[in-house]
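Biologist: I'm new to this one. Can you walk me through it?

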Amino acid sequence: MRTKIKQKHRMHTSVQDKMVSVICYLFVLFMVVVTFLPFLNVVSKAVSSESMVISGQISFYPKEFQLGTLKAVIGSKVFLNSFRVSVLVTVVGSAGSLLITVITAYPLSKKHLPFIRGCLVFFVITMLFSGGMVPTYMLVRGIGLLDTMGALILPMLLSVYNMLIIKNYYEGLPESLEEAAKIDGAGNVRILLQVILPLSTPVLATIGLFYMVSYWNDYFNALIYISKPGAFAQQKRSASRFRASPCVRQNTLYHGR
């Protein structure tokens with residue numbers, strides 16, 4: 001009798017597990033579709049005629065298929081140069097940001113160091129208050145970074161939020177690992193490189209992705225600090241083209257702005 005009850009309980013549990021799995025898969029599938037539809041809309045507009053795009057008749061499939069737009073954009077030297085700047089800023093900026101974030105988070109995770117709490121408060125304050133746009137522009141201009149790639153990288157080099165995530169991850173690692181490495185004669189730099197970093201692959205990959213998306217999507221810094229056409233990133237040039245597009249001009253005239 002008890003065996004039958006246990007078997008029924010197992011069957012009931014397995015059915016519940018299957019239902020939960022089905023719901024999870026359906027939710028993930030829904031999110032994939034929702035994420036993919038905007039991309040499909042952009043691709044459809046890229047291969048549709050200009051009249052169809054301006055009239056707003058393009059949804060998720062192209063109309064009046066053509067490849068002239070893609071050929072004109074990809075074959076343009078301006079596009080290739082802007083794309084090169086964007087890729088370079090994203091790669092160099094993400095690598096530099098990840099390096100600065102790691103070497104900042106590691107000492108802050110050591111609670112036994114003197115004045116560590118005050119240093120942490122100093123970083124947290126920068127999350128709540130900033131100098132503002134004008135002082136930041138004056139600083140960038142004062143150190144000679146206007147119209148350079150450094151103006152697109154240095155203002156975003158360190159994210160305190162990302163640094164705190166890595167710091168909390170380091171605090172969760174067992175202290176016995178570092179103690180064993182010190183017994184073997186390893187210094188702090190060697191411990192960081194050969195013990196801590198290999199164990200930090202998941203958080204480093206996540207934060208690195210955050211930095212890459214942030215650098216790739218950023219166009220505001222280019223609008224402020226870059227005036228030389230040859231140094232334009234693709235995001236700024238895309239924003240300029242968007243403001244100059246017929247759809248935006250028609251909408252601006254319609255609203256009287």
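**A first look**

Biologist: Let's start with L40. Is it buried, partly exposed or exposed?

Modeller: This is a predicted model. L40 is partly exposed, because its relative accessible area is 25%, and buried would need under 20%.

Biologist: Which helix is L40 in?

Modeller: L40 sits in helix α1, which covers residues 2-46.

Biologist: And how far is L40 from S59?

Modeller: Their C-alpha atoms are 8.5 Å apart. Along the chain, L40 and S59 are 19 residues apart.

Biologist: Switching to the core. Which residues touch the most other members of the largest nonpolar core?

Modeller: M163, I166, Y170 and I196 do. That core has 29 residues.

Biologist: Which helices each supply at least two residues of it?

Modeller: α4 (77-108), α5 (116-128), α7 (150-153), α8 (160-171), α10 (188-199) and α11 (201-217). The most comes from α4, with six residues.

Biologist: What does I166 touch, leaving out residues up to four places away in sequence?

Modeller: I166 touches T101, V102, A105, V203, L204 and I207.

Biologist: New topic: α9 and α10. At what angle do they pack?

Modeller: About 140°, with the axes 10 Å apart. Helix α9 spans residues 175-183.

Biologist: Why is that oblique rather than roughly antiparallel?

Modeller: The angle is about 140°, and roughly antiparallel needs over 145, so α9 is oblique to α10. Their crossing is right-handed.

Biologist: Which residues make the contact?

Modeller: From α9, L177, E178, A181 and K182. From α10, N188, I191, V195, I196 and L199. By class, six are nonpolar, one is polar and two are charged.

Terms used. Residues are numbered from 1 along each chain as its sequence is written. This is a predicted model: local features need pLDDT of at least 70, side-chain atom pairs count only at pLDDT 80 or more; totals for chains, interfaces and linings use all residues. Side-chain values use heavy atoms; hydrogens and water are left out. A nonpolar core is a set of buried Ala, Val, Leu, Ile, Met, Phe, Trp, Tyr and Cys residues joined through side-chain atoms within 4.5 Å. Buried means under 20% relative accessible area, exposed over 50%, partly exposed in between (1.4 Å probe, protein chains only). Helices (H or I, at least four residues) and strands (E, at least two) are DSSP runs, numbered from the N terminus. Contact means heavy atoms within 4.5 Å. Axes are lines fitted to C-alpha atoms, for helices over the stretch in contact, and angles run from 0 to 180 degrees between N-to-C directions. Angles under 35 degrees count as roughly parallel, over 145 as roughly antiparallel, 65 to 115 as roughly perpendicular and the rest as oblique. A crossing is left-handed if the near helix is turned anticlockwise from the far one by less than a right angle, and right-handed if clockwise. Ala, Val, Leu, Ile, Met, Phe, Trp, Tyr, Cys and Pro count as nonpolar, Asp, Glu, Lys and Arg as charged, and the others, Gly among them, as polar.
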